[in-house]
Amino acid sequence: MTHEEMRLQVDAYLDGELAPRDARELETHLKDCQECARMREARLVLGTAIRREVPEFRAPEELRARVRESLRSAAGVNPKPARAAVPSWRWMALAAGIALVAVGGWGLGAHRAADAALRDQVLASHVRSLMPGHLTDVVSSDQHTVKPWFNGKLDFSPPVNDFTGKGYPLIGGRLDYVGGRPVAALVYQRRQHLINVFLWPSTGGAVGERTSITRQGYHLLHSTTPEYVYWVVSDLGTAELSEFARLLQHAGSASSSP
Amino acid sequence: MERDQVGRFEAIVLPHLDAAYTLARYLTRNEDDAREVVQDAYLRALKYFDGFHGAEASEGRSWLMAIVRNTAFTRRRRHRLDATTTEFDEELHSDSIAESHPEAELLGAAARESLHQALDRLPLEFREVIVLRELEGMSYKEIGEVAGVPVGTVMSRLSRARHRLQQALWAEQKGG
């Protein structure tokens with residue numbers, strides 16, 4: 001395959017446009033081919049940059065009014081505002097506002113000052129990781145490559161799982177710093193979205209605490225198990241992100257070994 | 001226009017005004033032209049609505065977006081607007097929907113500008129697939145309907161467009 005064909009395949013894969021069988025084949029290939037794995041990573045970063053930096057526009061009010069006027073005259077209604085048209089336009093303006101609101105998931109928790117500081121650090125690390133070339137130190141969909149990579153770099157051995165079969169392939173890992181300590185950052189993919197997982201051993205705080213926050217278009221999920229503190233960050237929708245968090249926690253507690 | 005037709009238009013075509021305007025803005029790279037394109041497109045949409053039998057909002061979107069892009073392409077052929085290269089202008093993009101969050105900005109000002117410039121420099125056919133896919137989240141099939149090309153063409157245009165944008169972005173990051 002030429003480079004161009006490779007790119008075509010990876011793009012179609014990330015867009016969810018490959019047939020399931022081709023997607024599985026490509027996922028297998030991505031496990032073995034560093035070059036393609038790096039390309040996937042670069043494309044995920046690019047996609048995030050485009051979605052965040054290339055804005056959508058809101059139609060000017062004047063245009064809105066003119067289009068409404070055209071519809072009215074096509075409908076043969078006299079210039080007095082059609083009753084139904086006004087609320088529906090208002091509703092549309094609201095819908096177009098694209099407010100990102102945290103819903104359900106891990107429930108809304110109390111934000112103490114320390115948590116808020118930590119949350120900001122996690123968000124900052126997530127954003128930093130999305131700059132080209134910063135996402136991973138080790139690129140691999142293979143948990144048996146990523147997990148040992150952390151040996152000697154951290155004072156704990158993070159649980160690393162690949163969820164390719166569940167639609168959340170592992171992309172790789174990197175060393176990061178949050179809350180004044182080195183932590184494991186694991187990177188996952190959901191279609192064209194990137195997910196960062198930050199984790200470190202829990203220190204006997206409030207176990208089972210779960211919060212879900214939305215900041216600047218990113219969703220942050222936080223939970224504490226007896227073994228680990230987890231922060232999951234992504235621009236993926238909260239429903240899927242919560243599903244992923246559950247997978248992660250389940251796998252983490254099932255395979256936890258110090 | 002019949003009453004139920006008006007209702008159908010309101011339900012499946014009207015709600016895509018912002019999407020139509022966004023596409024027109026990126027195709028024309030100009031606020032005034034975008035406004036005119038969208039207005040013309042809606043007039044055409046009203047005129048030909050009887051011949052369109054879609055019932056879903058997503059069908060209405062593809063149908064309207066196809067009219068918008070055809071209006072913009074025709075207009076460009078007529079006016080040769082594309083002959084001049086517009087520099088990315090902060091003012092021009094100031095009415096965007098996204099809120100500004102300086103602390104969560106992904107790219108520095110220089111990188112952002114080079115991304116926008118790279119986008120502006122893309123051939124029209126490439127720019128439109130980026131907007132339809134990345135901003136509107138349309139499927140390849142839907143994009144094919146809008147642009148009037150087979151899915152395979154959508155796929156290769158999109159991949160080549162991304163490759164160019166990525167190169168611009170990486171060059172910027174490495175350069176400084």
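How many salt bridges does the rule find across the interface of chain A and chain B? In this predicted model, the count is 6. One of the salt bridges pairs A:Glu62 with B:Arg35, whose closest N and O atoms lie 3.6 Å apart. Polar contacts also link the two chains: 18 residue pairs are counted between chain A and chain B, with both residues at pLDDT 80 or more.

The side of chain A that touches chain B draws on several helices. Helix H1 (3-14), helix H3 (34-53), helix H4 (61-75) and helix H5 (85-96) of chain A each contribute at least two residues to that side. The largest share, 10 residues, is supplied by H3(A). Sorted by class, this side of chain A comprises 25 nonpolar, 14 charged and 8 polar residues.

The extent of the interface can be stated in residues and in area. Chain A brings 47 residues to the contact, and chain B brings 52 residues. Together the chains bury about 5,000 Å², of which 65% falls on carbon and sulfur atoms. Within chain A, the residues that lose the most area to chain B are A:Glu53, A:Phe57 and A:Leu71, which together account for 16% of what that side buries.

Chain A itself may now be considered. Its secondary structure consists of 8 helices and 7 strands. Of its 258 residues, 52% count as buried. Among the contacts in chain A with a separation of 6 or more, 62% come from residues 24 or more positions apart. Chain A exposes about 11,600 Å², and carbon and sulfur atoms supply 54% of that area.

Key
Residues are numbered from 1 along each chain as its sequence is written. Chains are lettered from A and ligands numbered from 1 in the order in which they are written. This is a predicted model: local features need pLDDT of at least 70, side-chain atom pairs count only at pLDDT 80 or more; totals for chains, interfaces and linings use all residues. Side-chain values use heavy atoms; hydrogens and water are left out. Helices (H or I, at least four residues) and strands (E, at least two) are DSSP runs, numbered from the N terminus. Buried means under 20% relative accessible area, exposed over 50%, partly exposed in between (1.4 Å probe, protein chains only). Contact means heavy atoms within 4.5 Å. Accessible areas come from the Shrake-Rupley method with a 1.4 Å probe; for residues, only the protein chains shown count as cover. Buried area is the accessible area (1.4 Å probe) that two parts lose on being put together, summed over both. A salt bridge is a side-chain nitrogen of Lys or Arg within 4 Å of a carboxyl oxygen of Asp or Glu. A polar contact is a pair of N or O atoms within 3.5 Å; within protein, one must be able to donate a hydrogen and the other to accept it, and residues adjacent in sequence count only if both atoms are side-chain atoms. Ala, Val, Leu, Ile, Met, Phe, Trp, Tyr, Cys and Pro count as nonpolar, Asp, Glu, Lys and Arg as charged, and the others, Gly among them, as polar.
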